[in-house]
Every structure is written in structure tokens, then in C-alpha cells.
Amino acid sequence: MQWDVAGLGNALMDALVVVDDDSLLDELGMARGMMHPVDHAKWTEVYERVQTQGVTFDSGGSCANTIATVGRLGGQAIYCGQVGEDQMGKLYASLMERACGAHRIRFTKASATGKCLSIISRQDAERTMLTDLGAATQLPELGTFADEVRASRVAHFEGYMLLPGPNRDVTLEAMRIAEAAPTIVSFDASDPFVVHQLRDLLWEELERSVDVVFLNVEEARALAGVEDAEEAARRIAVRARIATVAVKLGAQGSLVLADGTLHRIPADRVHAIDTTGAGDAYAGGFLFGLSQGWSAPRAARLASSVAALAVSQLGAVVKDADALERAITDAA
């Protein structure tokens with residue numbers, strides 16, 4: 001296999017800014033801790049309000065964060081998504097190349113690069129997001145990335161890509177290719193609203209082709225229809241015949257049900273600075289371990305450590321090579 005992990009997702013530039021209080025959110029009438037869909041003009045208007053407070057840019061999008069994490073851990077990772085043919089899109093591509101060594105990002109003149117402005121509270125690390133999807137949701141075809149999927153140990157997909165629009169057909173095509181190849185199919189549910197909106201489709205795809213699924217506790221409850229996280233994991237594994245179900249519990253760690261055995265993985269205790277993409281970092285650590293032939297508990301221990309490193313910094317992708325190397329060693 002040429003690649004350890006290949007990923008297909010919505011390419012969104014992350015713009016991260018830390019604020020001292022909620023005065024801006026109150027002024028804008030934005031609900032704290034929520035994701036607010038906006039257009040390019042509104043996004044730019046709010047960005048111009050906060051840019052003097054020190055904005056950090058990084059490649060983003062759920063799947064992209066996971067793939068970049070695999071690359072930073074030393075895995076052979078490749079990512080496909082779409083950005084605009086603009087300055088932000090070029091920066092995005094360079095950041096993914098820096099993390100993975102290569103990318104298969106598409107550029108379009110039809111739309112601006114998608115972007116997410118995360119306004120992060122200094123007090124409790126809660127984030128409020130303004131998201132302009134832009135070019136990310138208009139990927140016209142899978143193209144040559146089909147070859148990357150076939151040549152990967154693991155193919156990773158995000159639930160956002162199955163929302164109505166052009167990306168759904170492209171993603172389902174890639175999942176069929178991975179299903180037919182000797183490739184492990186990994187899927188992240190992405191968000192509770194994705195589960196509520198696409199519940200039947202998600203069950204269909206989980207039952208058909210998924211080998212590893214990542215969900216937070218709210219997503220697991222919504223999909224399985226039960227409140228208990230352990231019971232939810234078991235129901236998902238049994239109904240969909242999935243080898244590995246990972247349920248992320250935040251500060252309480254995670255539950256990993258692998259081949260019928262439940263493993264409780266504690267969370268590393270850290271001071272949270274930014275919770276953006278902690279679940280994506282978890283998936284990246286797990287898939288790196290899985291692609292190296294590790295057991296599920298060992299992969300989950302690495303995943304937990306990488307997620308802790310992610311929340312103790314600004315941004316979802318950990319770039320501290322020494323810290324990542326220690327996490328790999330400690331997971332043994």
C-alpha cells in the first residue's frame with residue numbers, strides 16, 4: 001500500500017482567535033458555543049472585527065484535521081478536498097503539504113475557499129464558530145483520488161460529506177471503491193445534526209461498508225436511540241456488524257468496542273486552551289495506530305494522548321514533533 005490513510009472531506013481554513021469575554025458575541029447576537037452558517041460577506045465582516053486581536057490560521061475541516069494528524073505522527077497520509085483558487089486556498093494547500101508531504105487538493109475559480117472563524121473564550125476554551133463552506137461543498141468528481149483510495153490501508157470519511165449536495169455522490173463513490181479494495185473504511189459521524197438529518201443513510205452506509213466508526217456521545221445516543229454510551233456502542237456494533245466503534249466522552253475519555261470487547265480509555269488531564277478539533281485529533285491518533293498494525297486499545301491510548309495535546313494548544317493539529325513522539329512511545 002502506498003498510503004497509510006487517505007481522507008476525503010470538506011476543506012475549510014480555520015481562523016482562530018481568543019477573546020476575553022462574550023461582548024462581541026452578544027453584540028452580534030450569536031449563541032455561545034454554537035456553529036453559525038454564514039456567507040462570505042458576513043464571514044469577512046466579522047473577521048475584520050477580530051483580526052486586530054491576533055488571528056491564527058491553519059488548515060481545517062474534520063477529515064483534514066485527522067489526516068494532518070496522521071501525517072504529523074509520521075504516517076503516509078494523503079488528503080483530497082476543494083478550495084478556491086485564491087490566497088487562502090493556496091495557504092491551505094501548503095499547510096496540508098507541510099503536514100503530509102503531499103496532497104490532492106482541487107482548486108476552483110467558482111467559489112472562495114471555505115473557512116471557519118472560531119471565537120474561543122479565554123475563560124473556558126468554549127468556541128463559537130462562523131462557517132462559510134464556500135468551495136468545500138462543490139467537489140465535482142473523485143477523479144484520480146480513486147487511485148489513492150485503492151492504494152491505502154485506511155480510507156477515512158466525514159459525515160458532513162454526506163449532506164445533500166455534490167459531495168455526497170463523490171463520497172459514496174469513494175466509499176464503494178474502498179469497500180471493493182483491501183482497504184479499511186473509517187467514518188466519523190461529524191455532528192449530532194448530521195446524525196439526526198441523515199440517520200437512515202448513515203445506518204445504510206455503516207451496515208454496508210464501514211469497519212471503524214468514530215462518534216461523540218451525543219452522536220452515539222442519537223444513532224442508537226439509547227442514552228447509555230456503552231449500550232449505544234454495542235447496538236451500533238451489532239446492528240452494523242462493525243469491528244470497531246469508538247465513542248468519545250470528552251474529559252471522561254472514550255469507549256472503544258473492538259471485536260466485541262469493550263475498552264475504557266481515560267483522558268489525559270491537561271489545561272484546555274482550545275477544544276477545536278479534539279475529536280479529529282483523536283481519530284488521527286487512532287488511525288495512525290491502526291495503520292501500523294496496533295491493537296485497538298493501544299491505538300486508543302495514542303488517540304487520547306493526541307487529543308489532549310490538541311486541546312492544550314490553539315488549533316486542532318498538533319505540530320510539536322517531540323510531544324507526538326513521546327505520545328507514540330507512551331502508548332506502547
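1. Leaving aside neighbours within four places in sequence, serine 305 is in contact with Asp268 and Ala327, where contact means heavy atoms within 4.5 Å. One of these partners also gives a polar contact: the side chains of serine 305 and aspartate 268 meet at 3.0 Å. (A polar contact is a pair of N or O atoms within 3.5 Å; within protein, one must be able to donate a hydrogen and the other to accept it, and residues adjacent in sequence count only if both atoms are side-chain atoms.)

2. A word on the source: this is a predicted model, in which local features need pLDDT of at least 70 and side-chain atom pairs count only at pLDDT 80 or more, while totals for chains, interfaces and linings use all residues. Residues are numbered from 1 along each chain as its sequence is written, and side-chain values use heavy atoms, with hydrogens and water left out.

3. Where does serine 305 sit? Its place is in helix α11, residues 296-311 (helices are DSSP runs of H or I, at least four residues, and strands are runs of E, at least two, numbered from the N terminus). Serine 305 counts as buried because its relative accessible area is 16%, and buried means under 20%, exposed over 50% and partly exposed in between, with a 1.4 Å probe and protein chains only.

4. Now to aspartate 188, which belongs to strand β11 (residues 184-188). Aspartate 188 is buried, because its relative accessibility is 2%. Its side chain reaches the backbone nitrogen of serine 190 at 2.9 Å. For the rings, the structure holds six aromatic pairs. One of them joins tryptophan 43 and tyrosine 47, which are stacked at 5.4 Å centre to centre, with 15 degrees between the planes. (Rings of Phe, Tyr and Trp, the last by its six-membered ring, pair if their centres lie within 6.5 Å; planes under 30 degrees apart count as stacked, over 60 as edge-to-face and the rest as tilted.) Both residues lie in helix α2 (residues 40-50), four residues apart, about one turn of the helix. Tryptophan 43 is buried at 2% relative accessibility, and tyrosine 47 is buried at 18%. Together with Phe57, Trp43 and Tyr47 form one aromatic cluster.

5. Two arginines deserve a look as well. Arginine 239 lies over the face of tryptophan 203, at 4.0 Å from the ring centre. The charged end of arginine 298 sits over the ring of tryptophan 294, 3.8 Å from its centre. (A charge sits over a ring if NZ of Lys or CZ of Arg is within 6 Å of the ring centre and within 35 degrees of the ring normal.)
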